[in-house]
Amino acid sequence: MKNNKRKISAEEKLYVATQWQLMRRKFKKHKLAILGGTTLVIFYILAIFCGFFSPQDIYKQHSGYIYAPPQRIHFFDEEGFHLRPFVYGLERKIDPITFRKIYIEDKTRKLPIYFFVRGDKYKLWNLYSTDIHFFGVKDGPIFLFGADKLGRDLFSRNLHAARISLSIGLVGVAISFILGCIIGGISGYFGGMADMVTQRVIEFLICIPTIPLWMSLSAALPKKWPPTKIYFGIVIILSIVGWCGLARVVRGKLLELREEDFVMAAKICGATSGRIITRHLLPAFLSYLIVNVTLAIPNMILGETSLSFLGLGMRAPAVSWGVLLQDAQNVRTLALHPWLLIPGLCVIITILAFNFLGDGLRDAADPYKL
Amino acid sequence: MDFENKTILNNKNIPLLQVKNLKVYFYLEEGILKAVDDVSFDIGRKKVLGIVGESGCGKSVTAQSILRIVPHPGRTVGGEILLHQNGNLVDLAKLNPSGRDIRAIRGKEITMIFQEPMTSLSPIHTIGNQIMEAVLLHRDMSQSEARELTLEMLYKVGISNPHQRIDEYSYQLSGGLRQRAMIAMALSCNPSLLIADEPTTALDVTVQAQILELMKELQSEFGMSVMYITHNLGVIAEIADDVLVMYLGKAVEYASADEIFHNPLHPYTIGLLKSIPKVGKEARTRLEAIKGTVPLPLDLPRGCGFYQRCREAKKGICNVGDPSLIEVTKGHRVNCFLYK
Amino acid sequence: MIKKNELPLLEVKNLKKYFPVEKGFWRKTVGYVKAVDKVNLYINEGETLGVVGESGCGKTTLGRCILRAIEPTEGSILFRLNGDMIDITKLDRESLRATRRYTQMIFQDPYSSLDSRMTVLDIVGEPLLVNNLATGRKMEERVKDLVNVVGLNVKHLKRYPHAFSGGQRQRIGIARALASNPKFIVADEPVSALDVSVQAQTLNLLQDLQVEFKLTYLFISHDLSVIEHISDRVAVMYVGKIVELAKTEEFFLNPLHPYSEALLSALPKPDPRLRMKRIILSGEVANPVNPPSGCYFHPRCKYAEEICKKEEPEWKEVNPEHFVACHFAKELSLKGVI
Amino acid sequence: MLFYVIRRLLYMIIILFLLSVVAFIIIQLPPGDYVSAYVAEMQSMRGERLAEEEIIALRKIYGVDQPMYVQYSKWLLKLSHGNFGMSLQLQRPVIDLIAERLPLTVMICILATIFTYAVGMPIGIYSAIRQYSIGDYFSTVFGFIGLAVPNFLLALILMFLFYKYFGFSIGGLFSLQYMDASWSVGKFIDMLKHLPIPVIVIGTPGAAALIRTMRGCLLDELRKQYVITARAKGLEERTLLFKYPVRVAINPIISTIGWTLPWLISGGTITSIVLGLPTTGPLLFQALLKQDMELAGSILMILSFLTVIGTFISDILLVLLDPRIRYEKSVV
């Protein structure tokens, strides 16, 4: 009896659940999407507080650590387990046969990792000057992802690169989203000539291969521009193609929803167009938009990375994953220093996470479908 | 064994198909859905059995289980489906659903037409192609003979210009013509049983009348048995010899059409008959509706499935035990405690 | 045309709705679907006018045009409001919105007609809210009354539509239609998506409500037996036109249009003893994009003669309050059902 | 049908015209014009300083002193004669440069398309039929990863792996000894040896996407009524599958061949740059780096035009394949 009652209340809960509650229920069943979402949250937090999380200044050249390999974090040494993780110091040697610089772990130099340590000065969001870092070693630099040809810390550089690469996706999608919503909305709502023209324009833009177009446009950005200007230039270039897909989605969904009986019912009740749009169309719409936006972000990130990789996008001294990957263009260097590919790994993980998340959201977007 | 077969062959009264205690369950995440639960009926030779019931009563699943095409996750978990075929007795329920034996029966001995004439034909193959396929599969015919036969069948089902229609696609045909093409396909191999699953529900009244008339004609011409599934009592009255009324996966009443319409016994059958508006009678008076709605046949409580909605329900009897189908008068079976 | 001394509640004059057919790359208009073509009818207060016809005959479009849910192409719709006849087609946006509360609609599909993102309270309360009839607690009280009237549990106000069965959803739709105290309701196939047993409940409810709230219905259905059960007068539509309009008994006893006769004959009767030879119409409903010449029904009509191919029959009153559009309305003696 | 083809051709001409506008805009985009770029080039490369009068004379010769629309129509007129202008940096006619590299570009594109479909379709069909099997699981994983790894990264990773473990570089399309040699059987065979890597790299993301769409489409089709009709006919499951749902599901996918072309050319461009293939990609890249916009704009236009032709072909193909569309088009 008691069991039965509980079951009824659970059912009642489902009956009075809002769209978003139902969506959350459905989304939670999607394990990969949860994984993707969590990954992205971590990535974005790291990117937002990149100064705090990076142990070293990204421009500081550690001349003794040129092309130093990633250091491993240890919990065990010959004495056994330590709660505080540590790395071994690196010792540079010259390989007697190839005459290349090689680095070996110096087991005698144990560098414990401390949290909230003082280190290089940095400005958080260009506002607060501080020198507290999330982690670091007290004696010298630490290279979790290795160092580049100038001895700069790649872990810190990757975090700072994430800030540009990840945000360019969001800003680019935001612009595409606004453009897409306005143009798609006009096209779907008014129909007729406006619809025809926008449809043809979209078809035309889709015909042009994106990367060559992006390359041509970004090559036209003046070389003298500062990084911030270049950043927005690239965002706009990416959005020129990005809005097409979103506009199509908006239009299609709008046309579909306009025909629904419940919209007609609201109209017959005497509801104003404003109310119909905000109370009926938008809520039904929003979940689809979120899904499509989520799936559009990876394209933007990819676009920026490709352009910067080719040297047509962000340029040093700005760092983005694409800029970092420029160092990996030479196979011979790469073969010797494979950690230069880590930014690539970051890109792959990010895109994968967005795709997982988008997939889960798509399944959850229509909670009323069985 | 031989001896048994001979007696069956000699006995004309043996029905074509006997379904005994059929159980088809769907194993869903939410629980076991008993779509068909202990249903038995016979289909006599050259007879029309009408199965009537509201949505979710299991009438379509019954039909699908005879051809063994119940969709996943449904499974036939019990009962027998005995087909008396040229003196052979086959239990369809025991056959492998994708095996050779059942495939030889599908489309040959037993054929089926469906509710949605729009979607039941492939959009990218011609009508002729789809009909000929069945012919080539089951009859020993050459391509040109099969085409001849298809033309003849199209003509028989009342398609006026078969030579043109045979090479057309389903979307070029109206709903009525599509359903006619489906019938042509179903009859092309001279089946002994035609299962019609709501074949006229999606059609307009005037076209429905055409199709019903056509089916009656063809039934007598081809001498086949028909299992006709519908929720429309008017259609049932028009075409059926025997009627099986289903409710929540169970057979609640099984009798001749005349008995069902003029001497209904089960409260559900009575309720159904009273709740349809009848032309010319008591217009603009209140209908005697059955209260409540059909529950989902999932985790049903004990007792008669109709208990909650029944006017005659007796507490302590109907909600405690499961009634069973009993013969009240000859050939009139009912599944209700009132007639114990 | 008006026979009674009093004015009808609603009068439709020469109503047309043409949908352009757009083809090709530049979406050129190549023709029109005449979904509603020169329709004339009137509805008296408190009566039910049944509109019957086969799929694609334009009955749904007619219902929507009368409410101006879609814009009619031509014609006028006179609606009696506070003793005056106002032309709904001539109202501007604001006054149209103000009159919307007097005319409502019940939809066929109980699933798509309710916004699945709103609770019962919001759905039924929307007409109250947008017409400034009630807000807050007052609205909730009124919604509770309405929900009670249509036979739903008052405790379920906070539930979303997905918690209800088809029949219950249809009741929610009916409650919404009643909320603003309308005078006139277009019921567009309100029972055709429902199971037989639930259909009877819904029909009963609609009849009870009509008495209780003095409603006037335009009842659209493809099912003649439902139409006969609920209507005072019947209008038969064929390819966008009304071909016959009469009192229900008169229509079923003595139809004057061959199409009506065929429809009546095609109706399967729930009695195996009444099996009879039907009038089987050949062919199917004409294509409204490209209708036949003359009388649209002539290719399927067994009484058709030369004139039917050439001339469109006139809409005339053959018997008192019995209108028909057929060249031979007076000559033919057609068979009814009663 | 013929009418449809003619209309599509007309549409293509309009697109081509618009493409030329875009190309022209791109050529004009960088600050300054051809002459100032030339002047700057002369100055920086050879240290020559041109006199003011010379510059004005040059401006007149190249017509850059005229309004935009005049420049555009002149440029368009030249284009219609096959004159795409001169490459500033390479001092050769643009048309020759493109013509040199276009056949290889087209060939790689076609091969990548074939690869995409040859890999994507069977795997997609398999994973739809065996939904939730181990094979389906693997193909889903492959699909996701294939989508997430951008072309240039895949190229980098493959190059890295081959170099590290097999000790040779997989870049380029020809071995050293054939690089400048004229065509011969040996050169052809050598090229065949080099082809697989670029084709795989360019085709993989497309194949991954295709697996997912194919699977989705087929799963939808498998639930449709006509499949049950065919089954009720007594057809064998495999025959049934390939005759009905698979064919229906393939149609929309064939129709998107046209849409995949811009993607392939996109991916091909960047892959060619990384792998150093002698296609139009690196040529475009070099042109852009050197601000040789005449060349860059022309390449972009030619590439876009290739995709337009691809779309056209796939549209025609679809009409031939799908009677539904054929019917609609013939009615129109």
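Predicted model: local features only at pLDDT ≥ 70, side-chain atom pairs only at ≥ 80, totals over all residues.
**Two pairs of packed helices**

Two packed helices are described by the angle between their axes and the distance between the axes. In chain C, helix α3 covers residues 120-130 and helix α4 covers residues 136-149, and the two pack at an angle of about 110 degrees, with their axes 9 Å apart. Angles from 65 to 115 degrees count as roughly perpendicular, and α3(C) is therefore roughly perpendicular to α4(C). On the side of α3(C), the residues that take part are V120(C), L121(C), V124(C), G125(C), L128(C) and L129(C), and they meet M139(C), E140(C), R142(C), V143(C), L146(C) and V147(C) of α4(C).

In chain A, helix α6 (residues 192-207) packs against helix α8 (residues 227-258) at an angle of about 135 degrees, and the axes of the two helices lie 10 Å apart. This angle is why α6(A) and α8(A) are described as oblique to each other. The crossing in which α6(A) passes α8(A) is left-handed. From α6(A) the contact draws on D195(A), Q199(A), V201(A), I202(A), E203(A), L205(A) and I206(A), while α8(A) supplies I240(A), W243(A), C244(A), A247(A), R248(A) and R251(A). Here the residues in contact divide into eight nonpolar, one polar and four charged.

**How the chains meet**

Five pairs of chains are in contact, and among these pairs chains B and C share the most contacts. Chain A and chain B, by contrast, do not touch, and their nearest C-alpha atoms are 12 Å apart.

| Interface | Buried area | Given by carbon and sulfur atoms |
|---|---|---|
| chain C and chain B | about 3900 Å² | 53% |
| chain C and chain A | about 3100 Å² | 56% |

The contact of chain C with chain B takes 47 residues from chain C and 47 residues from chain B, and the rule finds two salt bridges across this interface. One salt bridge joins the side chains of R273(C) and D258(B), with a distance of 2.8 Å from N to O.

Where chain C meets chain A, the contact takes 34 residues from chain C and 33 residues from chain A, and three salt bridges are found by the rule across the interface. A salt bridge is formed by the side chains of D261(A) and R64(C), at 3.2 Å from N to O.

**Two backbone details in chain B**

Most residues other than glycine have a negative phi, and most peptide bonds are trans. The peptide bond from H72(B) to P73(B) is cis, with omega near 0 degrees, and P73(B) lies in the loop between α2 (59-67) and β4 (74-85) of chain B. For K46(B), which is not a glycine, phi is positive, with a value near 60 degrees, and K46(B) sits in the loop between β2 (31-43) and β3 (48-52) of chain B.

Terms used: Residues numbered from 1 in each chain as written. Chains lettered and ligands numbered in written order. Heavy atoms only, no water. Axes fitted to C-alpha atoms, helices over the stretch in contact; angles between N-to-C directions. Helix = DSSP H or I, 4+ residues; strand = E, 2+ residues; numbered from the N terminus. Parallel < 35°, antiparallel > 145°, perpendicular 65-115°, else oblique. Left-handed = near helix turned anticlockwise from the far one by under 90°. Contact = heavy atoms within 4.5 Å. Nonpolar A, V, L, I, M, F, W, Y, C, P; charged D, E, K, R; others polar. Buried area = accessible area lost by both parts, 1.4 Å probe. Salt bridge = Lys/Arg side-chain N within 4 Å of Asp/Glu carboxyl O.
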